[in-house]
Amino acid sequence: MRSNLTRGLRAIALAAMVISVPAATQTMPPTTGPTHPPVKFYQNPDGSIRRFHNSIVTSIWSGYAVTASAPYSSASATWQIPSVSYDGAPNPPSNEEAADNWVGIGGDGDSTLIQLGTSGTVFTNGATSYGAWYELYPAGAVGISNNVKPGDIITASLQCTAACSPSSVQTWQLTLTNTTAGWTWSQSFQYQSTMASAEWILEAPQVGGVVPLPDYVQTTFDPVEANGQNPNLSLSANGVIMQDPSGETSNPSTPVNGNIFSTCWGAIGAALTPCTAGSFTTPPPPTTASLSASPTKISAGQSSTLTWSSTNTTSCIGSNFSASAISGSAVVSPSVTTSYSVKCTGAGGSASALATVSVGSTTTCHAKHCK
């Protein structure tokens with residue numbers, strides 16, 4: 001899943017986007033991308049489920065899963081998208097590492113799983129990509145076209161709206177809201193879930209094999225709900241620890257108030273990271289930039305004044321002209337039509353702006369004859 005959804009192997013079909021208004025009911029989509037399958041527990045030699053400090057150990061899931069109040073007709077979570085950096089796992093599938101946050105229903109001990117989440121991916125060259133997605137297993141993940149970025153506060157919810165019985169094909173309303181960016185996506189699907197569990201998970205997805213878990217440091221879910229209520233999570237009863245096939249780990253904190261927790265990343269070969277429930281951080285304000293030309297049309301030999309400004313910026317650079325401060329003006333005298341740009345950088349990222357000065361031919365007139 002990518003914010004721009006342009007990369008080949010993990011680029012996936014865009015879901016139809018609606019703003020705050022549910023779309024028409026759709027049947028389960030075809031497999032289109034990475035998968036986030038039901039949990040697989042590690043087992044001891046005697047066949048029992050492996051546990052650490054009483055929490056279940058798996059290869060792909062970390063977080064919490066509940067089954068006591070089944071059937072589950074709704075689940076929701078709010079989280080902050082973590083930044084990811086390359087851990088250096090050798091020969092990762094598709095040359096990438098990925099950490100995906102999601103809320104789901106089903107998948108803990110059965111073969112159904114409906115999910116809604118976000119992903120953070122880092123490639124072996126250090127480039128990163130972030131995206132939003134939904135999945136109706138066994139179909140693959142389907143990308144959501146709205147952009148997301150690290151630091152965004154996301155709320156995801158799954159709500160059964162019709163035929164809400166495990167024996168029926170249910171109708172599910174999936175809603176994803178990016179509070180930071182100010183958008184909401186919502187879509188309705190038909191899917192038959194066992195409704196036997198609800199989960200809030202940080203996962204290493206599968207792309208031709210389990211993708212190694214990048215260094216995401218910590219991610220926080222605050223709060224989570226199941227069937228519209230506090231699930232009253234317990235680390236010993238509901239906690240899930242991940243040890244991926246490459247050796248990275250992710251383990252949940254003890255929950256706060258039964259509905260708030262974090263998961264924490266651990267390096268290859270290291271002990272589990274001591275993890276306590278964190279809080280959302282306030283990301284730096286976004287950088288903005290503007291550039292204008294006056295006049296925008298001149299004749300050869302004339303001049304135009306470029307004026308630029310920016311906010312939340314530490315530096316700006318100009319293309320085809322000199323911009324040595326975060327705001328200012330410069331006089332240019334192009335001989336041909338020329339595009340100018342300014343790129344400004346700050347703690348909240350970078351922003352660019354463009355302005356074009358058009359140059360027309362000079363008209364000369366002699367005794368009523370012009371050329």
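A search of the whole structure finds eight aromatic pairs, where rings of Phe, Tyr and Trp (its six-membered ring) pair if their centres lie within 6.5 Å, and planes under 30 degrees apart count as stacked, over 60 as edge-to-face and the rest as tilted. The pair of Y64 and F261 is edge-to-face, because the ring centres lie 4.7 Å apart and the planes stand at 65°. This pair links distant parts of the chain, with Y64 in strand 4 (residues 61–66) and F261 in strand 17 (residues 261–266), 197 residues apart. Helices (H or I, at least four residues) and strands (E, at least two) are DSSP runs, numbered from the N terminus. The model is predicted: local features need pLDDT of at least 70, side-chain atom pairs count only at pLDDT 80 or more, and totals for chains, interfaces and linings use all residues. Residues are numbered from 1 along each chain as its sequence is written, and side-chain values use heavy atoms, with hydrogens and water left out.

Y64 is buried, at a relative accessible area of 0%, and F261 is buried at 0% relative accessibility; buried means under 20% relative accessible area, exposed over 50% and partly exposed in between (1.4 Å probe, protein chains only). F261 also pairs with F221, and these two rings are stacked, 4.9 Å centre to centre with 15° between the planes. F221 lies in strand 14 and F261 in strand 17, so this pair ties together parts that are 40 residues apart in sequence. F221 counts as buried, with 0% relative accessibility. Ring pairs join Y64, F221 and F261 with W79 into a cluster.

The secondary structure of the protein chain comes to one helix and 26 strands. Of its 371 residues, 48% count as buried. Among contacts (heavy atoms within 4.5 Å) between residues at least 6 apart in sequence, 65% join residues at least 24 apart.

A pocket is an open set of points on a 1 Å grid over the protein atoms alone where a 1.4 Å probe fits, with protein on both sides within 12 Å along at least five of seven lines; lining residues have an atom within 4 Å of a point. The largest pocket has a volume of about 230 Å³, the space filled by probe spheres set on the points, which are joined across faces, edges and corners. Of its 14 lining residues, Q80, I81, P82, Q218 and T281 are the closest to the centre.
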